[in-house]
Amino acid sequence: MRLIFEAEGESWPLRLGTGAPETTAALLAALPMPLQLHTPKIAGSHVYWHAPFVRDVEGATHVLDAAPGAFIYWPVRQFLEITFAPLQAETAAVTVLGHLDAPIEGIAALAAVLRRDQGRRTLTGTLRREDGGTAPAAATTAPEALVALRRGLWSGCPADVAALTGSRAIMHPAGPVFMAESEARVLHEALWWVRAKLGGAPEAQLRAIAALALDHAGVRLRDFCHFDTSAEALFAFRDAMAGPAPIAALLDEAIMAAGRLAAWIDLLIPWNDVNEAFRAALGQEEQTA
């Protein structure tokens, strides 16, 4: 089966493999998928977007062994990615879903535009089946109210997040934006860590740890970064950890919510400009020291 990835007026086919049936099924159930593209901050040579599902790694390919043109799912990051060259040093196990069925130069060119423009504008796209088919939506046993919260976070950038870039208070918007992105990303990773312990640690302990992580991040986002509405969503997931809903379903919903919040904040940051300014500032300090 082939998928079509579209962005910036161009399209590229992706051929799915057969080595990751569970992840592929989750992917197909989420199609067609609107995308907001992100530029890498560390590893480099790939374009990615956040996946609206949570699955364990299948096949466990080391990320540095994924060939250029690989279409991969990175579970702990919850990314879907297309690579176009060897990645910089990073340690992670990923799921290879397929491969770009076209020259990689087009993806490399898209990545250059993305690196230049992120934070200045949002590059959007779509992912769909070439045959136009659909698959049944994935079922969940999570409470409907939490599912609605998660869907709300996925439907568009929260207003409190979008508004922050307009602030011109001291060290705004950079200070709270960077702090908020860090808090949301660490929460996302912490929830993944809890999920990895399911079946190997007492459930009550895992619920308490997840609730604590959600509470800490929510308080920081509310009291330090001024994200009142987004914090309330995290508090709702915190409170649900004490309830009767299955912990696995709760964690998956919380992971998708936290990951999506981190993604919206990430899109506000002009990472390439920040990196260039950082280098320039260090160079100026070296010259005047």
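Two rings of Phe, Tyr or Trp count as an aromatic pair if their centres lie within 6.5 Å. Keep that in mind as you look around this structure, which is a predicted model. Searching the whole of it turns up six aromatic pairs.

Let's start with Phe53 and Tyr73. Their ring centres are 5.1 Å apart and the ring planes meet at 35°, so this pair is tilted.

Now hop over to Phe178 and Trp271. Here the ring centres are 5.6 Å apart and the planes are at 75°, and because an angle over 60 degrees counts as edge-to-face, that's the name this pair gets. Phe178 is part of helix α5 (residues 174-196) and Trp271 is part of helix α9 (residues 271-288), so the pair ties together parts that are 93 residues apart in sequence. How buried is each partner? Trp271 has a relative accessible area of 19%, so it counts as buried, since the cut-off is under 20%. Phe178, at 29% relative accessibility, is partly exposed.

The charged end of Arg220 sits over the ring of Phe224, 4.8 Å from the ring's centre. Arg260 does likewise with Trp264: its charged end is over that ring, 4.3 Å from the centre.

Next, let's go inside. The largest nonpolar core has 73 residues, and Phe5, Leu27, Trp49, Phe71, Leu80 and Leu127 are the ones with the most contacts within it. Which helix gives this core its largest share? That's α8, with 13 residues. Helix α8 runs through residues 247-267, 21 residues in total, and spans 30 Å from first C-alpha to last, close to the 30 Å expected. Of those 21 residues, 19 are buried, so the helix is largely enclosed by the rest of the structure.

Leaving out neighbours within four places in sequence, its contacts include Phe5, Met33, Leu35, Phe71, Leu80 and Leu127. Trp49 also belongs to an aromatic cluster, together with Phe5, Trp12 and Phe71.

Notes:
Residues numbered from 1 in each chain as written. Predicted model: local features only at pLDDT ≥ 70, side-chain atom pairs only at ≥ 80, totals over all residues. Heavy atoms only, no water. Helix = DSSP H or I, 4+ residues; strand = E, 2+ residues; numbered from the N terminus. Expected span 1.5 Å × (residues − 1). Buried < 20%, exposed > 50% of the residue type's maximum accessible area, 1.4 Å probe, protein only. Phe/Tyr/Trp six-rings, centres within 6.5 Å; stacked < 30°, edge-to-face > 60°. Lys NZ or Arg CZ within 6 Å of the ring centre and 35° of its normal. Core = buried A, V, L, I, M, F, W, Y, C linked by side-chain atoms within 4.5 Å. Contact = heavy atoms within 4.5 Å.
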